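Please look at the protein shown below, and keep it in view while you read the questions and answers.

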Amino acid sequence: MSLQWFYGRGSDITGPVSRAELSELASSGGVLATDMVWQDGVEDGIRASDVPELFPAAVAVVEEAKPLAPMGHPDWINPLARPEAETKPGRAVAGKATSIIGQDGKTVKFRMKCDLCGRDDASFKTIPIPHGTARASFYCKKCRKRRDGEIHGYY
């Protein structure tokens, strides 16, 4: 009788299956390289990617490197620039002690508002929409104290 295999992902355990069935499951995506597998009678499992010949190495296709055009040439592409299609407009949400006046997907215009007395600051600030949280502060003339506010940015 051939050895039977078990495989598991998280708390789900499936088996027993034969080595041929395990190979077929690996090729169809039923068993992932990160799943744990073990043979019948063995307590500790190993990663499926560590089982010899279960996941054959993919053949890498390497394209021939093309020479880069010199800077200033019409065909020159900045390797650090993101294509315009990939840039998504951002969205800003008022956090503590702020109120948003307007936003255009790249910048946000907001006023500070005292979270203690409710006084709106007369001036406004414009900043790029942050990735995460941006903090700003102002001096409340009514409370005579510095107040901190937050703007939350999402992409």
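The questions below go from the overall fold to single residues.

This is a predicted model, in which local features need pLDDT of at least 70 and side-chain atom pairs count only at pLDDT 80 or more, while totals for chains, interfaces and linings use all residues. Residues are numbered from 1 along each chain as its sequence is written, and side-chain values use heavy atoms, with hydrogens and water left out.

Q: Which strands are the edge strands of the open sheet of four strands?
A: Two strands pair if DSSP finds at least two bridges between them, and β1 (residues 5-9) pairs with β3 in the antiparallel sense over four bridges. The sheet has the order β2-β1-β3-β4, with antiparallel pairing. Each edge strand pairs on one side only, and these strands are β2 (12-17) and β4 (46-47).

Q: Is D35 buried or exposed?
A: D35 is in the loop between α1 (19-28) and β3 (36-39). Leaving aside neighbours within four places in sequence, D35 is in contact (heavy atoms within 4.5 Å) with G8, R9, G30, I46, R47 and A48. Buried means under 20% relative accessible area, exposed over 50% and partly exposed in between, with a 1.4 Å probe and protein chains only. Because its relative accessibility is 2%, D35 counts as buried.

Q: How many disulfides does the structure hold?
A: A disulfide is a covalent bond between the sulfur atoms of two cysteines, and here the term is applied to a pair of cysteine sulfur atoms within 2.5 Å. C114 is in no disulfide, since the nearest cysteine sulfur, that of C117, is 3.6 Å away. The sulfur of C117 is 3.6 Å from the closest cysteine sulfur, in C143, which is too far for a bond. The number of disulfides in the structure is zero.

Q: Is C117 buried, partly exposed or exposed?
A: C114 has 2% relative accessibility and therefore counts as buried. C117 has a relative accessible area of 30%, so this cysteine is partly exposed.

Terms used
Helix = DSSP H or I, 4+ residues; strand = E, 2+ residues; numbered from the N terminus.
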